[in-house]
Protein chains: 2
Amino acid sequence: MRPAPHPVVVAAEIGSTAPGSTVAIRGHVHRRRELSRVAFLVVRDRSGLVQVVLEPEDGSGALPPEETPVRITGTVSANPKAPGGREIVRPRITLLGDPAATSPFELWRPELTASLPARLDHAALSWRHPVQRARWRLAAASMRGFRAALDADGFTEIATPKLVGAATESGAEVFRVDYFGQPAYLAQSPQLYKQQLVGVFERVYEVGPVFRAEPHDTARHLAQYTSLDVELGFIEDHRDVLAVLTNVLHRMLETLREDAAPELDLLQVELPSIPAAVPVVHFAHARELLGAPPDLPDLSPEQERALGRWARAEHGSDVLAVEAYPLRTRPFYTHPWTREPTPGGPYSNSFDLLFRGVELVTGGQRLHRHGDYLAALAERGIDAAEHADYLRTVEGGMPPHGGFAIGLERWVSRLIGMGNVREVTLFPRDLHRLRP
Amino acid sequence: MRPAPHPVVVAAEIGSTAPGSTVAIRGHVHRRRELSRVAFLVVRDRSGLVQVVLEPEDGSGALPPEETPVRITGTVSANPKAPGGREIVRPRITLLGDPAATSPFELWRPELTASLPARLDHAALSWRHPVQRARWRLAAASMRGFRAALDADGFTEIATPKLVGAATESGAEVFRVDYFGQPAYLAQSPQLYKQQLVGVFERVYEVGPVFRAEPHDTARHLAQYTSLDVELGFIEDHRDVLAVLTNVLHRMLETLREDAAPELDLLQVELPSIPAAVPVVHFAHARELLGAPPDLPDLSPEQERALGRWARAEHGSDVLAVEAYPLRTRPFYTHPWTREPTPGGPYSNSFDLLFRGVELVTGGQRLHRHGDYLAALAERGIDAAEHADYLRTVEGGMPPHGGFAIGLERWVSRLIGMGNVREVTLFPRDLHRLRP
């Protein structure tokens, strides 16, 4: 950048800038307040807010409207009542763009009171609110922590195709694409690709968009969301996968604490308690805890919430792994249960991680033998030809392996106690929303 | 993981393991060689290769075929001729999966000689070759370096929609999606979203897939590639953007040196020379250097190669920024040239970064005033209504801003001197290829 006439500082640095220094700050006008004798501008930059005081001798003229981009050059002055204990006095204000049109939101208020649909209609503006912005910063810090944990543990980041010739998980809920005149689909997950790449890199991860043509309007489903995917080879069973997940979650929390302390503070987030050993209940045991019939095949959201309360009460834990889901409720690539036999099966070497009573992660061990795949596909009536490339890789030699996927938006929404994933998605896509 | 009876080590650790130690390693059989009296197995894991020696007294029986997943428990022995100066003797071999079917490739040979189409048809197997695998590891390290540079500089990672209601860049070369019965498109870039988020976070980046319905078969285009996108506010002009890009490229090289030294070595990569101040030529000057007519609107691949040679000869640099592309050849959001007037314009505050003579990065300053947008759209005959959401954000107050996008696959292919981006894409997608 060209040398500025005065050092450019960001709002968060003002508190440690010596009174009397001349500095420049750049940001958007967050708020203007004109009192009878004195006027205040609050400027918002990427790091926070700075108060600017205009006395009559600083010149007159209308103050720029809220959200106008400005550069302010002035003198730092101590004021215990200002944010950071400092404010800027004797300012020179330069407009760096057009005066902003009136926002649909009063972004300077402590809370955005507009309805969710109104906020989503003008997402790029509503995200400017410090509270909104802080929410996404938790998402960004979480992705950073996720990668840091895996980079330190010998994992390789991958990038898999989002355009695929066959549906990944099931024929339903898939978006169709015109691919140079051929039918194609948007990938519902990197599942079969990340598994195949275990044969190459042994341990892989991907952070990327996945697509579900979710035909229902729910608070926890979107047509596109960010999936934090992991897969690793040479495991004993799904418990090894759960150990990696636990380590990843711990590092995500650590990164939030280290890199997002102001945001956690602003949002009054109490970070969850995730024990070193996450409590695990067998699906059969979960059924008993819920007083459910012995043929219950899967958990309803309400049952998940009940188990979440149980984990909190019984183990002081915000997370609970339910393992050994009935095999028939899991996808074809799921490995059958291999630990002690339990009545009411067949079960699988899989788990869901419930976070504060909501399914956050699905994981488990996958099949790794060709014959087992052929049997599993036949049993489900899936044509093996649909998965020919995948099966060829399995035939080419695959170790026991497994993995998991964390839904980023679910993680953040539960972290801050919002019921709707749209609250933490920059530009959500759903049945009714393809814009902005 | 369950405690193993012997410590599990990876191949790269064998060199520093004391001879006489008993260890377990897990990986794929990379090669088997049966001589008259002695047999060798080479095992490949995520970190490299280990040689295992079988004497007659280690028991007989057929050795598992190449690519079979195995666990080997044995004694570390010094052998200066073995990789890492160590080998494993007196092994116990456990198969961890099915014996592998014969691979279409002889993965144990120093080079994969199969044709590119053959390798792509069986991508998940051909990537197992150490040379292939090393190529992708350079991509992974590059992404890590990209993020590290930006994380350290106040940037926020974002995730933007890949399903959009209108084409981002132009109507051509866009994939159509059936979005719950409505027409939608796959995003050709995060361009308009990353710009809008500058108003929120000031500095943003995204690493993600972008989609181009590229109707031609070329060595440098794919239907899906990984774009490393950056956008930042409060700039003077495109030179500030170039400064961020330079810093990012330096950090990418540093990360390659630190994290991918064995891969650079295996591939015999000479890292490029990227000067602290990247050489910049004005488009008008580039025309002169090429002896091109003064109305040349854009550069051909051949002209880019010629400029690359010039930068190498004249500046000892593997990169060259060509700035001030004619305004009419750049997208509608491009900011006009604001430095010293130059005949032959109008020019733009934009640049392309040529890396070893190939366009690697496109960047520049964007318009930030509402009136300028309306004029630019009208001049190009684009209906402003198509960009209503974007224009509303601009009206809401935008600072001067700009950014760039690096094509990951192009970066890696030039780094290792491969002409075709398919060589460095895990599962490439093009006009003829939707699988594997």
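**Exercise 1. The surroundings of one tyrosine**

Determine whether Tyr325(B) is buried or exposed, and state where Arg330(B) lies relative to this residue.

*Solution.* Step 1: Tyr325(B) has a relative accessible area of 1% and is buried (buried is under 20%, exposed over 50%, partly exposed in between, with a 1.4 Å probe and protein chains only). The model is predicted, with pLDDT of at least 70 required for local features and 80 or more for side-chain atom pairs, while totals for chains, interfaces and linings use all residues, and side-chain values rest on heavy atoms without hydrogens or water. Residues are numbered from 1 along each chain as written, with chains lettered from A and ligands numbered from 1 in written order.

Step 2: Arg330(B) lies over the face of Tyr325(B), 4.4 Å from the ring centre (NZ of Lys or CZ of Arg must be within 6 Å of the centre and within 35 degrees of the ring normal). In chain A, the charged end of Arg330(A) sits over the ring of Tyr325(A), also at 4.4 Å from its centre.

**Exercise 2. Aromatic pairs**

Classify the pair formed by Phe427(A) and Tyr193(B), and then the pair of Phe283(B) and Tyr325(B).

*Solution.* Step 1: Over all chains, the structure holds 22 aromatic pairs (Phe, Tyr or six-membered Trp rings with centres within 6.5 Å; planes under 30 degrees apart are stacked, over 60 edge-to-face, the rest tilted).

Step 2: The ring centres of Phe427(A) and Tyr193(B) are 4.7 Å apart and the planes stand at 65 degrees, so this pair is edge-to-face. Phe427(A) belongs to the segment after helix H12 (408-415) of chain A and Tyr193(B) to helix H5 of chain B, so the pair joins two chains (helices, H or I, of at least four residues and strands, E, of at least two are DSSP runs numbered from the N terminus). Phe427(A) is buried at 4% relative accessible area, and Tyr193(B) is buried at 11%.

Step 3: For Phe283(B) and Tyr325(B), the centres are 5.0 Å apart and the planes at 50 degrees, so the pair is tilted. Phe283(B) lies in helix H8 (residues 283-290) of chain B and Tyr325(B) in the loop between strands E13 (319-323) and E14 (350-355), so parts 42 residues apart in sequence are tied together. Phe283(B) is buried, at 0% relative accessibility.

**Exercise 3. The faces of a helix**

Identify the buried residues of helix H10 (residues 370-379) of chain B and the exposed residues on the face turned away from them.

*Solution.* Step 1: The buried residues are His370(B), Tyr373(B), Ala376(B) and Leu377(B). Seen down the axis of H10(B), they fall within an arc of 125 degrees, so they line one face (the arc uses directions from the helix axis to the C-beta atoms).

Step 2: The face turned away carries exposed Ala378(B) and Glu379(B).
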